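Here is a short tour of one protein chain. Look at the sequence and the 3D structure first, then read on.

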Amino acid sequence: MLSLITQARAYKFYKYRLWQAGVYPYYLVRTSRLFLDWQNRGRRQFYQSHSRTLTDLQKRLAAELEENGIATTHVDELFAGRSLVQALTHSAEESIRTNPEIHVKKTFLREFLTPNEYRDLGNPFNRWALEPLLLEVISAYFGMYARFRQLIANITIPIPEGSRASGSQRWHRDPGVGRICKVFLYLSDVDEKSGPFTYFVGSQPGGRFQNILPHRFFGKGSYYPPEGAVERTLNRLGAQSQLRVNTGRAGTVIFCNTMGLHRGGYATERKRIMITSFYKSGESSVPPELRFPANFEIHAAGLPEISRYAIAGA
């Protein structure tokens, strides 16, 4: 009788052969540019025939997303004449006071919205995530109308200097196929000691550094490179300038394809309050995490068309 070790090795061998014979070819085709263009031809045609003209700022943000995988602005620039920062900051402070005991799996983060608040279309943070000016930038980058898939509202909790980075504090690539986009909104001033969002510019799919420490298994799961691999790669390429540490005052807005290499949340002195909204295109296989009540159509009736489309089928 074969030993358990021999059986385990045989299982791994044949499992890999099965992957090569069936699963690998499937994902090779499923994630190819040719297949994605064919799959989304209708969505692209619909967008091209219905999209409106962008402002110069929106065009710049979409172009930077295309080239670099990341683009930044400020609420006061994108939403000139509206006091959104003050309103959203006030709402966050109220929620933090009301919901002091909500925790998440990551020890360095604490959420400040309840599940019911996440589901509420009247929630000011959901309204922010469905703002047409945001959706128009993301849709221009996708080449098709964006779908809103997840909202996260959290506080980054400072940890002792020198603590080992864990979870999303480490360099990683988010799962996905084609293009995804997250929008990070700082609701507190963020400096180097507040856990700023950090990005390897150009490492997104289609970027000039897309093949540096690439996804495994066609983006089916998150990929965390070995410790120190990103820094060694930057030094080897002489590409330290591609490392973007996104500090900024409250109201800073970061558009980002997080399939590129990124990290954040390593705060050592000051907390970071941040809203994250996640969007996918028709290319992405990432499932929705939104769960709206049965009568959400009533609440959605007053939304602009592009916002209603963003939550259709959620």
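Helices (H or I, at least four residues) and strands (E, at least two) are DSSP runs, numbered from the N terminus. By that rule, the protein has 12 helices and nine strands. This is a predicted model, in which local features need pLDDT of at least 70, side-chain atom pairs count only at pLDDT 80 or more, and totals for chains, interfaces and linings use all residues. Residues are numbered from 1 along each chain as its sequence is written, and side-chain values use heavy atoms, with hydrogens and water left out.

**The whole chain**

Buried means under 20% relative accessible area, exposed means over 50%, and partly exposed is in between (1.4 Å probe, protein chains only). Of the 314 residues, 49% count as buried. Contact means heavy atoms within 4.5 Å. Take the contacts with a separation of 6 or more: residues 24 or more positions apart account for 81% of them.

**Helix H10**

Which residues of helix H10 are buried? In H10 (residues 229-237), they are Ala229, Val230, Thr233 and Leu234. These residues lie on the same side of H10, because they cover an arc of only 135 degrees around the axis. The arc is that of the directions from the helix axis to the C-beta atoms. The other side of H10 has Arg232, Asn235 and Arg236, which are exposed. Strand E5 (197-200) and strand E6 (243-246) are among what covers the buried residues of H10. Just after H10 comes glycine 238, with a positive phi of about 65 degrees.

**Helix H9**

Helix H9 (residues 132-142) is mostly covered, with eight of its 11 residues buried. Among them are Leu134, Leu135, Val137 and Ile138. Glu136 and Ser139 are also buried. Glycine 143 follows H9, and its phi is positive, near 80 degrees.

**Aromatic pairs**

A pair of aromatic rings is described by the distance of the centres and the angle of the planes. Rings of Phe, Tyr and Trp (its six-membered ring) pair if their centres lie within 6.5 Å; planes under 30 degrees apart count as stacked, over 60 as edge-to-face and the rest as tilted. The whole structure holds 12 aromatic pairs. Here are two of them.

| Pair | Centres apart | Angle of planes | Type |
|---|---|---|---|
| Phenylalanine 112 and phenylalanine 125 | 6.1 Å | 75 degrees | edge-to-face |
| Phenylalanine 197 and tyrosine 199 | 6.3 Å | 25 degrees | stacked |

Phenylalanine 112 sits in the loop between strand E2 (109-111) and helix H7 (115-119), while phenylalanine 125 is in helix H8 (residues 124-129), 13 residues apart. Both phenylalanine 112 and phenylalanine 125 are buried. Phenylalanine 197 is buried, with a relative accessible area of 4%. Tyrosine 199 is buried too, at 0%. Elsewhere, Phe46, Tyr47, Tyr145 and Tyr309 form one aromatic cluster.

**Single residues**

Asparagine 68 is found in helix H4 (residues 56-68). Is asparagine 68 buried or exposed? Asparagine 68 counts as buried, at 11% relative accessibility. Leaving aside neighbours within four places in sequence, asparagine 68 is in contact with Tyr199, Val201, Gly202, Gln204, Arg208 and Arg244.

Leucine 213 is found in the loop between E5 and H10. Leucine 213 is not a glycine, yet it has a positive phi of about 50 degrees. At 19% relative accessibility, leucine 213 counts as buried.

Glutamine 86 is in helix H6 (residues 84-98). At 52%, glutamine 86 counts as exposed. Glutamine 86 and glycine 251 are 165 residues apart in sequence, but 8.8 Å apart in space, C-alpha to C-alpha.

Glutamate 305 lies in helix H12 (residues 305-311). Glutamate 305 is exposed, with a relative accessible area of 58%. Its C-alpha atom is separated by 8.7 Å from that of proline 132, 173 residues apart along the chain.

**A pocket**

Rolling a probe the size of a water molecule over the atoms shows where empty space is left. On a 1 Å grid over the protein atoms alone, a pocket is an open set of points with protein on both sides within 12 Å along at least five of seven lines, where a 1.4 Å probe fits; lining residues have an atom within 4 Å of a point. The second largest pocket is lined by 21 residues, of which Thr31, Pro205, Gly206, Gln210 and Met259 lie nearest its centre.
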